[in-house]
Amino acid sequence: MTNQTIMLGGGLRQDCDAISVMKAGTLRFSKPNKYWVESSQKRYTPCVEDTVLGIVVDSKADNFLIDIKGPVLAFLPVLAFEGGTRRNIPKFEVGTLLYLRVVKANFGMNPELSCTDASGKAAEFGPLKDGYMFETSTGLSRKLLSSPTCPVLEALGKKLSFEIAVGLNGRVWVNAATPDTIVVVANAIMNSESLSGAQQIIMVEHLLKNIQ
Amino acid sequence: MEGRLANAWRLTANDKSFIRTALLSEIRIDGRKPYEYRKIVVKFGREDGSSEVQLGQTRVMGIVTAQLVQPYRDRPKEGILSIFTEVSPMADPSFEPGHPGELAVELGRIIDRGLRESKAVDTESLCVLAGKFVWAIRIDLHILDNGGNLVDAANIAALAALLTFRRPECSLGGEDGQEVIVHPPEIREPLPLIVHHLPIAITFGFFSNDSILVIDPTHNEEAVMGGRMTTTVNANGDICAIQKAGGEGVPQRVIMQCLQLATAKAAGITKQIKEALYDILWYHLLRETTLETGELKCTTQKEL
């Protein structure tokens, strides 16, 4: 038996010599030594460096209060934008949808977000205009962001042109030229959670036939 | 306070304008046409008088129970019908536990009016001893999941529960004929309620741009729509009740259009409820035949 140091991720715990599972889900392994349990929920636990979709709830002097489907509201500092100074603070109305990055996420504290990447550039973060946002589970969001591309997105991309933003907190935003494209993409993604790759492709073909 | 803020369901500004824009091209976000209903599934529980209805994502459970009580003074020969609605935060984070909000009360009132005013349930047959004992039918509606349009789903649940409910048979006895004897279900088969017709509630949502009309709004559409109207009609075309509480004004021709649409939909939904009942009636038929051929040899004369 080789002596190996393994790293335990979320969902696993060490009790003296035994490792026990704390959450229901799939056990995943990543070389060289990381193990964790991946599960899908409807609520989100904020994690640093996650990209999420948030809705503005309120704006205070120093922060915007953002709802990211976590246990508490998150703070977005008013200066956390590219070239942000006290003079050009953006004005977001209640209900604006933003694409954000989680900077700090500690247990018991409100998470902190930012509209820039680690080097301070805007890089696609910020408000999303038009389109339609719907909620999914966290597992489906991860599948949509995985590489190689998820079968449902590939099948849709072959026939339709659209733009999506996926938040790891279980929110997806879709935009396209016509409303019926948006509706087809949204419904295809929502239906694809429990289907296998081949079933997803069949489901997408079925939906596309109905709108033609 | 902040905890509740974090849990609240919110609609983005993008969604609000998208729902309106899509409706201009007659597209709804779940792919339905404006006058299309979501899929209705009617299920029954093991006990008589319990039903669960799913209308898309909305789920409501209906339970019917009966009790012998004294009738109202001004109606000594009629039974009593009452409806209670329970909403729990499990259905929607905006519902508060315990205290029923405006929505729950309005829901109960619409269904109550639809059943009572149209005399759908025959209350005179519920009289056992005039002035002394009548059956009080109690319908409990539990909202399990709010996916929009609770009124319609709750109405179907109430009707399905009423149609499968069986009340015990009772007869008068005793020395002066003033004693009521309630027969247990093993001795005498319980009786169904007399339901003359099925009043179906159909809810419409109005959107301010170009007076767009949708049937069976979902949760998102309800948050965006300008006004709503619930019409309760039956398959014969009789209007049992109409409810339009506030919201934006609509011209008269739109109301007439709604009533015509509602009558067409009511026929379809009535057929669906009756088909769902078919399986349950088979179960009752089997139960009756076993009762007749079973051990009923010793008919206790003192009870009958």
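Let's start with residues 8-43 of chain A. Over that stretch the chain is 0% helix and 53% strand, and the end C-alpha atoms are 22 Å apart. Helices here are DSSP runs of H or I with at least four residues, strands are runs of E with at least two, and both are numbered from the N terminus. Why pick that stretch? UniProt, in an unreviewed entry, places the feature "domain: Exosome complex exonuclease Rrp40 N-terminal" at residues 8-43 of chain A. UniProt positions are given in the numbering used here, feature names are shortened, and annotations may be inferred rather than shown by experiment.

Some ground rules. This is a predicted model: local features need pLDDT of at least 70, side-chain atom pairs count only at pLDDT 80 or more, and totals for chains, interfaces and linings use all residues. Residues are numbered from 1 along each chain as its sequence is written, chains are lettered from A and ligands numbered from 1 in the order in which they are written, and side-chain values use heavy atoms, with hydrogens and water left out.

Now chain A as a whole. Its secondary structure comes to four helices and 14 strands. The C-alpha trace spans about 60 × 50 × 25 Å along its principal axes. Chain A is divided into domain 1 (7-38), domain 2 (50-127) and domain 3 (132-210). Those bounds come from an automatic or database domain assignment. The centres of domain 1 and domain 2 of chain A, taken over C-alpha atoms, are separated by 31 Å.

How much of chain A is buried? Of its 212 residues, 42% count as buried. Buried means under 20% relative accessible area, exposed means over 50%, and partly exposed lies in between, with a 1.4 Å probe and protein chains only. Chain A exposes about 11,900 Å², and carbon and sulfur atoms supply 54% of it. Accessible areas come from the Shrake-Rupley method with a 1.4 Å probe; for residues, only the protein chains shown count as cover.

Contacts next. Among contacts in chain A with a separation of 6 or more, 60% come from residues 24 or more positions apart. Contact means heavy atoms within 4.5 Å.

On to the backbone. Most residues other than glycine have a negative phi, and most peptide bonds are trans. Here are some departures. The bond from A:Lys31 to A:Pro32 is cis, with omega near 0°. A:Pro32 sits in the loop between strand E4 (26-30) and strand E5 (34-38) of chain A. The bond from A:Ser147 to A:Pro148 is cis too, with omega near 10°. A:Pro148 is in the loop between helix H1 (138-145) and helix H2 (151-159) of chain A.

Then phi. A:Cys16 is not a glycine, yet its phi is positive, about 55°. Look for A:Cys16 in the loop between strand E2 (12-15) and strand E3 (18-21) of chain A. Is A:Cys16 buried or exposed? Exposed, with a relative accessible area of 71%. In chain B, B:Glu26 has a positive phi near 60°. B:Glu26 is in the loop between helix H2 (13-24) and strand E1 (40-44) of chain B. B:Glu26 is exposed, at a relative accessible area of 56%.

Now the rings. How many aromatic pairs are there over all chains? A search of the whole structure finds six. One of them is A:Phe64 with A:Phe92: tilted, 5.2 Å centre to centre, 50° between the planes. It links distant parts of the chain, 28 residues apart: A:Phe64 is in strand E7 (residues 63-67), and A:Phe92 is in the loop between strand E8 (74-77) and strand E9 (97-104) of chain A. The rule: rings of Phe, Tyr and Trp (its six-membered ring) pair if their centres lie within 6.5 Å; planes under 30 degrees apart are stacked, over 60 edge-to-face, and the rest tilted. A:Phe64 is buried at 3% relative accessible area, and A:Phe92 is buried at 14%. A:Phe64, A:Phe81 and A:Phe92 form one aromatic cluster.

Last, chain B. B:Arg138 lies over the face of B:Phe84, 3.9 Å from the ring centre. That call needs NZ of Lys or CZ of Arg within 6 Å of the ring centre and within 35 degrees of the ring normal. B:His284 lies in helix H6 (residues 252-293) of chain B. B:His284 counts as buried, at 4% relative accessibility. Leaving aside neighbours within four places in sequence, B:His284 is in contact with B:Asp48, B:Thr164 and B:Arg166.
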